Amino acid sequence: MTVLLTLASDQVAGRTPHTNRISAWLTRTALEEIIGDLLRARGIEPGRASGNARLSFLEVAYRDSPEVATQAQYAWARLSEACHHHAYQLSPTHQEVIHLLGIVQKLHERITSKSTHQQ
């Protein structure tokens, strides 16, 4: 597990006033790294591509496992909403952050699995 995911888990476990938002930021940053690692595992160097472009690359790279791109896109969208909070919006709930953290942790686990390295 990346250091960022460990920090996110520690934050969400703390349950202090801004814990959910801090954990969401850490989780989204970890997701960005994980998406890059998933792409490199399939022989695609993302370089300086934007987050949306990387998600599109992921769809192509993992067309044999479409759940990878679907989970990454869902987590990216929800974490982005949680991170870019507006005054009229509620903060992400504790359970929502835990759920998103779990999705990102599962994506991270795919990096070391043998199915990632299949071309």
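**Helix packing exercises**

The axes of helix H2 (residues 19–41) and helix H5 (residues 94–112) come within 10 Å and cross at roughly 20°. The model is predicted, with local features needing pLDDT of at least 70 and side-chain atom pairs counting only at pLDDT 80 or more, while totals for chains, interfaces and linings use all residues. Residues are numbered from 1 along each chain as its sequence is written, and side-chain values use heavy atoms, with hydrogens and water left out.

**Exercise 1.** Classify how H2 and H5 are oriented, and state which residues make their contact.

Axes are lines fitted to C-alpha atoms, for helices over the stretch in contact, and angles run from 0 to 180 degrees between N-to-C directions; helices are DSSP runs (H or I, at least four residues) numbered from the N terminus. Angles under 35 degrees count as roughly parallel, and H2 and H5 are therefore roughly parallel to each other. Their crossing is left-handed, a term for a near helix turned anticlockwise from the far one by less than a right angle. On H2 the contact (heavy atoms within 4.5 Å) is made by Asn20, Ser23, Ala24, Thr27, Leu31, Ile34, Asp37 and Leu38, and on H5 by residues including Val97, Leu101 and Ile111. By class, this contact has ten nonpolar, five polar and two charged residues, where Ala, Val, Leu, Ile, Met, Phe, Trp, Tyr, Cys and Pro count as nonpolar, Asp, Glu, Lys and Arg as charged, and the others, Gly among them, as polar.

**Exercise 2.** Describe the packing of H4 against H5.

Helix H4 (residues 66–83) packs with H5 at an angle of about 145°, their axes being 10 Å apart, and the crossing is left-handed. Among the residues in contact are Glu67, Tyr74 and Arg78 of H4, together with Glu96, Ile103 and Arg110 of H5. The contact of H4 with H5 divides into nine nonpolar, two polar and four charged residues.

**Exercise 3.** Find the partners in the packing of H2 with H3.

H2 and helix H3 (residues 51–61) pack at about 35°, with axes 10 Å apart, in a left-handed crossing. From H2, Glu32, Ile35, Gly36, Leu38 and Leu39 meet Arg54, Leu55, Phe57, Leu58 and Ala61 in H3. Seven of the residues in this contact are nonpolar, one is polar and two are charged.

Key: Helices (H or I, at least four residues) and strands (E, at least two) are DSSP runs, numbered from the N terminus. Angles under 35 degrees count as roughly parallel, over 145 as roughly antiparallel, 65 to 115 as roughly perpendicular and the rest as oblique.
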